[in-house]
Amino acid sequence: MLKNYLWVNDGNIKVAFTEKDRKFAKETSAGLKKAIKLLSKYFLLKKIFPPVRAVLVPNRKEYDRLVKGLLKVDIEQPSDPSRIAQPQRTDLVLLAPFAYSTDSIYKYSAREYKRLLVHEATHMFEEYLSPNMETSPRWWGEGLAVYISEQWKYEDEFIPPVIEGIRNKNIPTIKEIQKSVKLAYRWGWTIVKYIEHLYGQKMILNIVINCDDGNVIKITGKTIKDFERGWKKYLQNEKGFWEFM
Ligand SMILES: [Zn+2]
């Protein structure tokens, strides 16, 4: 499956690549190393995270071949140009940045690429720590990944729609966020941020390790109704939610 690939090998991180992506292979390896360090600290990991294997693919066709063949993840063919990374356990398929201009909707930026690697590594950590990943809600997984990678702070697709929703009094309910992929990406991180604000990072870890039925809010000890009221208040309170701006 990876016959024609070259490899960069750095201890617990292996990156496969084709010759023209050599530069990005090193960048990917270094970025993943940093990401794993950051996440091991965030999730108070006592053991060393298992070895990670990333594959930098040169084009969309190869991306689809490996997501299906190597990761065994079902994907539409050809996959959507917004897809550039797919993790599964400790494997990660990445569209090489050289292919972004033709095969994706993104432009490469070194900083965004680093954040993308933290985002994807967060999914790996959640899967590694979760007692029942199958039930983990999308808003929670994506919320964690967007929040911990700090994509929410710097990338246009996160803060502007939230500000707009608050201004137009159009904040979705938690139920709506649970049901919609789009809302899960847009709003999930605000719920994670609220939980961290209320209970600290330990509660995030507590939920990741103990939530085995998808009912994230239950672990905080609040009813969805109470939780939602507090979260909405937090979003509207400039001194609380927006203090970073
Ligand atoms: Zn994600």
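Asn9 stands opposite Lys14 in E2. The structure is a predicted model, in which local features need pLDDT of at least 70 and side-chain atom pairs count only at pLDDT 80 or more, whereas totals for chains, interfaces and linings use all residues. Residues are numbered from 1 along each chain as its sequence is written, and side-chain values use heavy atoms, with hydrogens and water left out. Helices (H or I, at least four residues) and strands (E, at least two) are DSSP runs numbered from the N terminus, and two strands pair if DSSP finds at least two bridges between them.

Strand E1 (residues 6-10) runs antiparallel to E2, and five bridges join the two. They form a hairpin with two residues between them, and Gly11 in the turn has a positive phi of about 60°. Strand E2 (residues 13-17) is largely enclosed by the rest of the structure, because four of its five residues are buried (under 20% relative accessible area; exposed is over 50% and partly exposed in between, with a 1.4 Å probe and protein chains only). E2 is also joined by four bridges to strand E3 (residues 52-57), and this pair runs parallel. Lys14 stands opposite Arg53 in E3. With helix H1 (residues 22-42), E2 and E3 make a left-handed β-α-β unit; a crossover is right-handed if, with the strands pointing away from the viewer, the path from the first strand over the helix to the second runs clockwise.

The side chain of Arg53 makes a polar contact with the side chain of Asp91 at 2.8 Å. Such a contact is a pair of N or O atoms within 3.5 Å; within protein, one must be able to donate a hydrogen and the other to accept it, and residues adjacent in sequence count only if both atoms are side-chain atoms. Asp91 lies in strand E5 (residues 91-95) and is buried, with a relative accessible area of 17%. Trp139, in helix H5 (residues 138-148), is buried with a relative accessible area of 2%. Its C-alpha atom is separated by 6.3 Å from that of Tyr185, 46 residues apart along the chain.

Grid points are joined across faces, edges and corners, and a volume is the space filled by probe spheres set on the points.

The largest pocket has a volume of about 1,500 Å³. Its lining comprises 44 residues, and His119, Glu120, His123, Glu142 and Tyr185 lie nearest its centre. Helix H4 (110-129) is among the elements that give two or more residues to this lining, as are H5 and helix H2 (60-69). H4 gives the most, with eight residues. By class, the lining has 19 nonpolar, nine polar and 16 charged residues (Ala, Val, Leu, Ile, Met, Phe, Trp, Tyr, Cys and Pro count as nonpolar, Asp, Glu, Lys and Arg as charged, and the others, Gly among them, as polar).

The second largest pocket holds about 210 Å³ of space. H1 supplies the largest share of its lining, four residues.

One cavity of 30 Å³ or more is found in the whole structure. The largest cavity holds about 40 Å³ of space, and its lining includes Glu126, Trp140 and Cys211.

Conventions. On a 1 Å grid over the protein atoms alone, a cavity is a set of points where a 1.4 Å probe fits but cannot get out, and a pocket is an open set with protein on both sides within 12 Å along at least five of seven lines; lining residues have an atom within 4 Å of a point.
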